[in-house]
Amino acid sequence: MKIFSSKQLYEADKVTIEKEGIPSYNLMERAGGYVYEWMHKRLQGQPVPIKVFCGIGNNGGDALVIARLLLKNGYNVDTYIVDCNDKRSTDFLKAYEALKNEVKKWPEIIKGVENFPEISPQDIVVDGIFGIGLNRCPEDWVKALFVKINESKAYTLSIDIPSGMYGDRGLDKDDIVVHSTFVLSFMSPKLAFFLPETGKYINMWDTIDIGLDPEYLATTPSDVKLISKPEIQQMYKGRSQYTHKGMFGHSLIIGGSFGKMGAVQLASKAALRAGSGLVTAYVPQIGVPILQTALPEVMVETDNFNGKVFEEIDFQTEANAIAIGPGMGTDEKTVAAMESFLKSQKAPLVIDADAINIIAKRPALMKQVPALSILTPHPGELERLVGKWDDDFDKLEKTAKFAKNHNVIIVIKGAHTITVYDMQLYINTTGNPGLSTAGTGDVLTGVITGHLAQGYHPMEAAMMGVYFHGLAADVAVNQYGIEGLIAGDVTEFLGRAVMSLFEKPEQEGAQAPPQQ
Ligand SMILES: NC(=O)C1=CN([C@@H]2O[C@H](COP(=O)(O)OP(=O)(O)OC[C@H]3O[C@@H](n4cnc5c(N)ncnc54)[C@H](O)[C@@H]3O)[C@@H](O)[C@H]2O)[C@@H](O)CC1
Ligand SMILES: Nc1ncnc2c1ncn2[C@@H]1O[C@H](COP(=O)(O)OP(=O)(O)O)[C@@H](O)[C@H]1O
Ligand SMILES: [K+]
């Protein structure tokens, strides 16, 4: 699913109005009408007190349409105009006139703190104060209203975007945002919904199709995409009957050091569960008995030194995909081994954990990293790689430029992991806070490597790996709970996650995975 920028959404608006030959106000009526229907379907006429807060732009206009329709249908509504600017939009004024003409209960005007109404936790708040047109920090009294809404603990339905949040940029130090219980966003969710500093203000969101020009939406490229089931179904290849393990690639996982051999175990097992035909772990000698005991399915290679860390990386395995980093440590000997290893590599690698930290300390090493390699940093590792950022949007820009300059794929891990390549962002939709536990990153490395070994393009391997890793965790929490989930559980549920890709809603019947 494409995520459009605010500029593109304004353009889509304009194109639709021109093509359909309709006044722009019709779109406001459409948008407000759909939100009203959404609310009515859930409220079914219940007399819950609804407080509709309207700004003075088109977001406020949408809210006025919603208020009018609610009032006309007998709901218990109080409407407030948050009078934060003299420049009321033309369509806002039309919606205001329509409300005055059609219902008896006119809005109250809020000009400052003294006009604030009481808001109780039992109220429903409709937040239509600012939409994607917010372009500066609101005045203090407006922010005080946001705080009042937030402190009320009322169910808050934000129209298009939580007021106070910018669609395409981060927050400033003094900004305050309405905390939304639910955001109904027009046509496309906004990028800010998926970034930690802004996404935390949103509990749930959904989109409302207000019928913008389909041709514009289909043909306009977007730099940001949401990756969910349909996108992954298209990538997934399945298997035919006449297969053998040699057809599904050989993964090599290079990592481990004294006390951190578990990272290699986790990654190796995950590569197998992701479907890699063969898996070999390359560990320092001390790790050989550990790996051989823990994972009978995995082969093991080691260096010629009797050490707790690598001193060289030299192997016989003819791997289709190589991951380096889990549990590897940053000992000087390991750094030297990794340097000479990188020089010999041409095919894309999966680079994680300490391998990223080593590169961060020796930026010149990036020159040796093969094109289309996949780097999987968590936020701390990413900062070491690309430097400090001002906010999440700045982080994305810095990461995208870094990835472009070095022709690599970067997987920014966290809630809504974002895969970055060629100035494009791919936002994952699976996963949960149960993944915030030791070793889940190692599992991710294994899953991505397992897909790469099976012949998926590195971008597909990265996106599918991230998606299935999150989905496996989503399935696993049903059994273990958020706190109880541990990294190995994610691996155990990988198969279940892939199976669920082809489950249809029950009444439609299950569909078998497609064959190659
Ligand atoms: N295609 C779409 O997506 C549609 C969008 N519509 C609505 O239109 C909204 C955008 O409307 P607008 O562009 O009028 O913008 P907003 O409704 O977000 O309002 C902001 C208005 O206040 C001004 N403003 C910005 N920051 C301010 C501040 N800190 N203090 C005071 N005033 C400030 C702006 O100049 C602008 O006029 C969308 O979010 C959506 O709700 C709908 O009306 C219909 C179609
Ligand atoms: N709150 C969360 N929601 C979704 N995914 C999460 C969350 N917290 C962590 N994750 C995922 O868990 C993994 C953690 O990786 P990482 O920090 O490298 O762990 P480790 O180093 O212990 O293996 C990443 O895939 C990340 O996206
Ligand atoms: K809003």
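This briefing describes the fold of one protein chain and the surroundings of two ligands.

The structure is a predicted model, in which local features need pLDDT of at least 70 and side-chain atom pairs count only at pLDDT 80 or more, while totals for chains, interfaces and linings use all residues. Residues are numbered from 1 along each chain as its sequence is written, and chains are lettered from A and ligands numbered from 1 in the order in which they are written. The protein chain holds 18 helices and 18 strands; helices (H or I, at least four residues) and strands (E, at least two) are DSSP runs, numbered from the N terminus.

**Overall chain**
- Of the 516 residues in the protein chain, 48% count as buried, meaning that 20 or more other C-beta atoms, placed from the backbone, lie within 10 Å of a residue's own.
- The C-alpha atoms of the protein chain fill a box of roughly 85 × 50 × 45 Å along the principal axes.
- In the UniProt record, an unreviewed entry, residues 9-218 are listed as "domain: YjeF N-terminal"; such annotations may be inferred rather than shown by experiment.
- Residues 9-218 are 39% helix and 18% strand, with the end C-alpha atoms 13 Å apart.

**The seven-stranded sheet**
- Seven strands form an open sheet with parallel pairing, in the order β4-β3-β2-β5-β6-β7-β8; two strands pair if DSSP finds at least two bridges between them.
- At the edges stand β4 (108-110) and β8 (202-208), each of which pairs on one side only.
- Three bridges join β3 (residues 77-82) to β4 in the parallel sense, and Ile 81 stands opposite Ile 109 in β4.
- Helix α3 (residues 58-72) lies across β2 (50-54), β3, β5 (124-128) and β6 (155-159), and runs at about 150 degrees to β2. Contact means C-beta atoms, placed from the backbone, within 7 Å; axes are lines fitted to C-alpha atoms, for helices over the stretch in contact, with angles from 0 to 180 degrees between N-to-C directions.

**Surroundings of ligand 2**
- Ligand 2 is surrounded by 17 residues, the closest being His 378, Ala 415, Gly 431, Leu 435 and Gly 441.
- Helix α15 (residues 440-453) gives the most to the shell around ligand 2, with four residues.

Notes:
Two residues are in contact if their C-beta atoms, placed from the backbone, lie within 7 Å. A residue is near a molecule or strand if its C-beta atom, placed from the backbone, lies within 6 Å of it. A residue is buried if 20 or more other C-beta atoms lie within 10 Å of its own, exposed if 12 or fewer, and partly exposed in between; C-beta atoms are placed from the backbone.
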